[in-house]
Protein chains: 2
Amino acid sequence: MTDTVVSSQTREVVLGLERPFVMIGERINPTGRKILAAEMAAGNFSRVEADALAQVTAGAHMLDVNAGIPLADEPAILARAVQLVQSITDVPLSIDSSIVKALEAGLAVYKGKPLVNSVTGEEERLESVLPLVKKYGAAVVAISNDETGISEDPDVRFEVARKIVNRAADHGIPRSDIVVDPLVMPIGAINQAGRQVMHLLNRLKHELKVNTTCGASNVSFGLPAREGISATFLSMAIGAGLTSAIMNPMHLEIVRACMAADVMMGHDADCARWIKRFREAPPLQASGAAASAPEGAARGRREGGHRRRAQGPV
Amino acid sequence: MTDTVVSSQTREVVLGLERPFVMIGERINPTGRKILAAEMAAGNFSRVEADALAQVTAGAHMLDVNAGIPLADEPAILARAVQLVQSITDVPLSIDSSIVKALEAGLAVYKGKPLVNSVTGEEERLESVLPLVKKYGAAVVAISNDETGISEDPDVRFEVARKIVNRAADHGIPRSDIVVDPLVMPIGAINQAGRQVMHLLNRLKHELKVNTTCGASNVSFGLPAREGISATFLSMAIGAGLTSAIMNPMHLEIVRACMAADVMMGHDADCARWIKRFREAPPLQASGAAASAPEGAARGRREGGHRRRAQGPV
């Protein structure tokens, strides 16, 4: 089994099929967050700091740091954000930019072995990002699209992933330092997106033998009760071999799904982490009445009626 | 693909790999419910009636009806319960008993084509239940244990399932009327139980080509926040090919998982059922503070930060 190791100065995190699932907090990202973008551009990182601490408290094992602000000095802002986040948390980071100079600025100040987010199968991107990954001894997210865009055919995406792995090898980067993103499309727009990803994850696991990640929130784009879709997507994808995700750890339903998936995969020995976190937890409920079961029904509820086959009554 | 059709007088439900997942309500079962058991034994079916209606309202497509009360006249009580439930709902039923005479009493009064729950690989059970299933033209749950008990080896369980399918064929019952229960063990006791079930579901889907069900609540037996484990188990199992489950539809987190799984499998065209049910739904939250993320963090939350790869900002 392939293990991918990333680290901060003091903490190592390992992605692998026989390892607990790695939750990468997505929130330090000004895309679509006007206030955060303005603050970061003005040199105010208080919200970045709060987001970092809150995500780690909520259960994130790594944090993605992105400083994509139009017209701003992204390399300088990304480097500053990386340094700040590393000064207040000990989790490894994913340094996230579409600008190669920003990736390099982040890498130059990073302490430990980060994940670089990302390289694609595009020639220009391959030949600019991979040398950086090699130079700094990082791991890298490989996104399975190329000059032709994102194929709806998962087998085409698989070939793009294979090409990136092979090119990385040419640069002296081992397959264990490549984390493939199969690209998760919004299921509301492409109803077969879930089947596509499961098929691709299966091939990535068995044939390419690489670790995987994805932007999990994307799957539920445009739908109501998004966190319910994301939680089930992550459960299914982990069952199919997904080993990490860039996701929102502030939704309890989603964190529960990932931790429950570790239990189901046999990666939480004696369910110890589950029990520790949820020993006193009340049931999740809709915060209003709209989605609830009828009142009278809920009062009489009981768990586990069908258990007689394996156990007697409690 | 194999379709299994069951029906009431007026409604047909179809289990199949290319069909929406079938939720079978588990609550009409006196096992471990002392008050319900006493009431049913005394001829008071008001709670059965309430449980039936509440489960259908919550989303159950079928209902399991069990009358296993020690020292009571189970055949008469089961028949009465079946008639009552059929008089107030139109969903097909699963007639559930370990006593063959009770199954026969239920079958004799049932209107439509029910699911008989269950036959095992035990000789005596095979030769008493299968003729009944044939006589009444029912479908049947096949539980993958035999005289030697429940094997921890999923491949042994697969062979038991195959034996039941073959024996049923000898009785003139087609494979499409067999719904195999792979047997879900409590994950708190057997940490590999999840992997075992996924492996077995995969073989049942590809090799035996049968529909499947299970007592889903069993997986979380003894753990805190059971509904979180059950929801993720069902998501993963549906991804691996599970086509129905006997489960508790009164837990919103669990129903959401099954409906989200339909979305992910491409079995909810244009996400129409999801949108209809959850359009106005608030996020699920812990009903107390114990499992919540920090207050300050939760206030600032936002969904979908990583979506820029497929979509621009909202």
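Visitor: What kind of unit do E7(A), helix H6 and E8(A) make?

Guide: They make a right-handed β-α-β unit, with H6 of chain A spanning residues 154–170. Bear in mind that this is a predicted model.

Visitor: How many bridges join E7 to E8 in chain A, and do the strands run parallel or antiparallel?

Guide: Four bridges, and the strands run parallel. E7(A) covers residues 139–143. As one pair to look at, Val140(A) has Ile178(A) as its bridge partner in E8(A).

Visitor: And E8(A) itself, are its faces covered or open?

Guide: Both faces of E8(A), residues 178–181, are covered. Ile178(A) and Val180(A) are buried on one side, and Val179(A) and Asp181(A) are buried on the other. In a regular strand, side chains alternate between the two faces of the sheet.

Visitor: What joins E8(A) to E9(A)?

Guide: Two bridges, again with the strands parallel. Val180(A) stands opposite Thr212(A) in E9(A). Helix H7 of chain A, residues 193–208, belongs to a right-handed β-α-β unit with E8(A) and E9(A).

Visitor: What does E10(A) pair with?

Guide: Strand E3 of chain A, residues 22–28, through four bridges in parallel. Ile24(A) stands opposite Ile246(A) there.

Visitor: Where is the cis peptide bond in chain A?

Guide: Between Asn117(A) and Ser118(A), with omega about 20°. Ser118(A) is in strand E6 of chain A. In chain B, the bond from Asn117(B) to Ser118(B) is cis too, with omega near 20°. Most peptide bonds are trans.

Visitor: What do E1(A) and E2(A) form?

Guide: A hairpin, with four residues between the strands. E1(A), residues 4–7, and E2(A), residues 12–15, pair in the antiparallel sense over four bridges. Val14(A) in E2(A) is the bridge partner of Val5(A).

Visitor: Over to chain B. What is the strand order there?

Guide: Eight strands form an open sheet, E9-E8-E7-E6-E5-E4-E3-E10, and the pairing is parallel. The edge strands of chain B are E9 and E10, each pairing on one side only. Within the sheet, E3(B) and E4(B) are joined by three bridges, and Ile28(B) stands opposite Val65(B).

Visitor: Is Val133(B) buried or exposed?

Guide: Val133(B) is buried, with a relative accessible area of 2%. It is found in helix H5 of chain B. Among the residues Val133(B) touches are Val116(B), Val140(B) and Ile173(B).

Visitor: Which residues have the most contacts inside the largest nonpolar core?

Guide: Phe233(A), Leu234(A), Phe233(B) and Leu234(B), in a core of 86 residues. Phe233(B) is in contact with residues including Met264(A), Val184(B) and Val197(B). In soluble globular proteins, nonpolar side chains tend to be buried together.

Visitor: Last topic, confidence. What is the mean pLDDT of chain A?

Guide: It is 91, and 91% of the residues in chain A reach 70 or more. Over residues 288–314 of chain A the pLDDT is below 50, though beyond near neighbours in sequence this stretch has 66 contacts in the model.

Visitor: And what ipTM and pTM does the predictor give the complex?

Guide: An ipTM of 0.89 and a pTM of 0.90.

How values were computed: Residues numbered from 1 in each chain as written. Chains lettered and ligands numbered in written order. Predicted model: local features only at pLDDT ≥ 70, side-chain atom pairs only at ≥ 80, totals over all residues. Heavy atoms only, no water. Buried < 20%, exposed > 50% of the residue type's maximum accessible area, 1.4 Å probe, protein only. Pairing = 2+ DSSP bridges. Right-handed = clockwise from strand over helix to strand, strands pointing away. pLDDT = per-residue confidence, 0-100. Contact = heavy atoms within 4.5 Å. Core = buried A, V, L, I, M, F, W, Y, C linked by side-chain atoms within 4.5 Å. Lists of a residue's contacts leave out its neighbours within four places in sequence.
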